[in-house]
Amino acid sequence: MERRAGRAHGGRVGTWQGSRLRWPAWRGRHALVLIPIGFIIAVTVFDVVTPDDVHYGVLLILAPLIAALVGGAWLTAAVGLLSVCAQAYIAAHLDVLAVQREEAVQILATTALSTLVVLLTRIRDRRQQQLEQVRAVSEAAQRALMRPLPDRLGDLRVGSFYLAAADQAEIGGDLYTATRTQQGTRMIIGDVRGKGLTAVGESALLIGAFREAADSNATLSELAAALDLSVSRYLADFVDDYAHAAEHFITALLLHIPDHGPTVQITSCGHPPPLLIHNGEARFLESTHPVPPLGMHMLALTSYTEDTAPFEAGDTLLLYTDGVIEARNPDGEFYPLAERVPTWAGQRPDALLRHLKQDLLAHCRGRLGDDAAAIAVQQPSDGERTGLPTAGVRKLT
């Protein structure tokens, strides 16, 4: 199962494939309509053929409830009407067109219950439709923000994925993007505290600010300070309960990979450390100068710092959000990222992430507790470098 990028839509149905006809997908769903109808027929037949002192007609009152479970308001109304007609037929059959008081009460009760169930089903369908519309808007906004990264950024090979939590309709908490600059490639991956449309707005703010500031700040420290200022201004202007500082922030990891030189510069703003895969082994690049998440400028932080780590030919960096490392299996165990990733060392970023995504979903049985996003960046070998110029590079959007 795949939700969150794993929401693939099926193709055309009801067509011949080889010598076998694929039945339309809607037939399986519409077959459920036969359940309440078959129930009515069964109850009616049993009541007619059994002795007069045994009565099953009262069970017909359940038919509209069954219809509400498998269909909408129109189906429920039709089944309710059919139930009333069936009770009238049973009464007429038993009493030779003279409906007794007990049978009349059953008919009235079935009519009243059917009407009530139809109204409730109508309300349920309307709310479900509204929920689907909100979900569609959220997902459209997420797709617009979270465009898949290109396969290549300069000489770097790149892969990315985003998974929405399986049991959540609201999305928007995780973010990532990358851009080419005059000196190399810069990336950001982050996690907004919260979900839904509010988180989408904060994600959009940070992604837009990063794309504008990535090439105009010489160092990651300056870039982090500019992003923190943008996020703080946004929170001050648009978040009603901004006074509660701990409730609004964005963890982020900023990277700068120069075009020349086997190094990577990292600034971590409260985000999980990247995982470096080197010679088949994986290790976390813990920050020696950790700083708070973006949007917490009220802590009087005066400057940001950056760490430099080796990033040699053939190495791969894995960036991720906490939804990856906090995914639990049925026994409550966290996903062992550092143990699993070396299994796929040496593979290209897209293949590595494909294995990671499948293994992650298998670990948590397809039930992610939070959105999960990841980026894999691979340094090319010396013979694979194209020698792209660094001047006049157009920024990616």
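**Ground rules.** I worked on a predicted model, in which local features need pLDDT of at least 70 and side-chain atom pairs count only at pLDDT 80 or more, while totals for chains, interfaces and linings use all residues. I numbered residues from 1 along each chain as its sequence is written, and side-chain values use heavy atoms, with hydrogens and water left out.

**Cores.** I looked up the nonpolar cores, each a set of buried Ala, Val, Leu, Ile, Met, Phe, Trp, Tyr and Cys residues joined through side-chain atoms within 4.5 Å; buried means under 20% relative accessible area, exposed over 50%, and partly exposed in between, with a 1.4 Å probe and protein chains only. The largest core has 51 residues, and M187, L227 and I375 have the most contacts inside it. Another core lies apart from it and has 23 residues, including L275, L337, L352 and A374. I then listed contacts (heavy atoms within 4.5 Å) for I375, and beyond four places in sequence I found among them L149, Y176, M187, I189 and L318.

**Aromatic pair.** I counted ring pairs of Phe, Tyr and Trp (its six-membered ring) with centres within 6.5 Å, where planes under 30 degrees apart count as stacked, over 60 as edge-to-face and the rest as tilted. The count comes to one aromatic pair. The ring centres of F284 and Y320 are 6.4 Å apart and the planes stand at 65 degrees, so the pair is edge-to-face. The two residues are 36 residues apart in the chain, with F284 in strand β10 (residues 281–284) and Y320 in strand β12 (residues 316–320); strands are DSSP runs of E of at least two residues, and helices are runs of H or I of at least four, numbered from the N terminus. F284 is partly exposed at 32% relative accessibility, whereas Y320 is buried at 2%.

**Q378.** I placed Q378 in strand β13 (residues 372–378) and found this residue buried, with a relative accessible area of 6%. The C-alpha atoms of Q378 and D155 are separated by 9.0 Å, although the two are 223 residues apart along the chain. Leaving out residues up to four places away, Q378 touches, among others, L156, R157, F311, T316 and P349.

**Positive phi.** I noted N279, a residue other than glycine with phi near 50 degrees, in the loop between β9 (275–278) and β10, where N279 is exposed at 69% relative accessibility. R365 likewise has a positive phi, near 55 degrees; R365 sits in the loop between α10 (349–363) and β13 and is exposed at 57%.

What is the volume of the largest cavity? I read about 60 Å³, where a cavity is a set of points on a 1 Å grid over the protein atoms alone at which a 1.4 Å probe fits but cannot get out, and lining residues have an atom within 4 Å of a point. Eleven residues line the largest cavity, and D155, L156, P258, D259 and Q379 are the closest to its centre.

Key
1 Å grid on protein atoms, 1.4 Å probe; cavity = no way out; pocket = protein on both sides within 12 Å on 5 of 7 lines; lining within 4 Å. Points joined across faces, edges and corners; volume = space filled by probe spheres on them.
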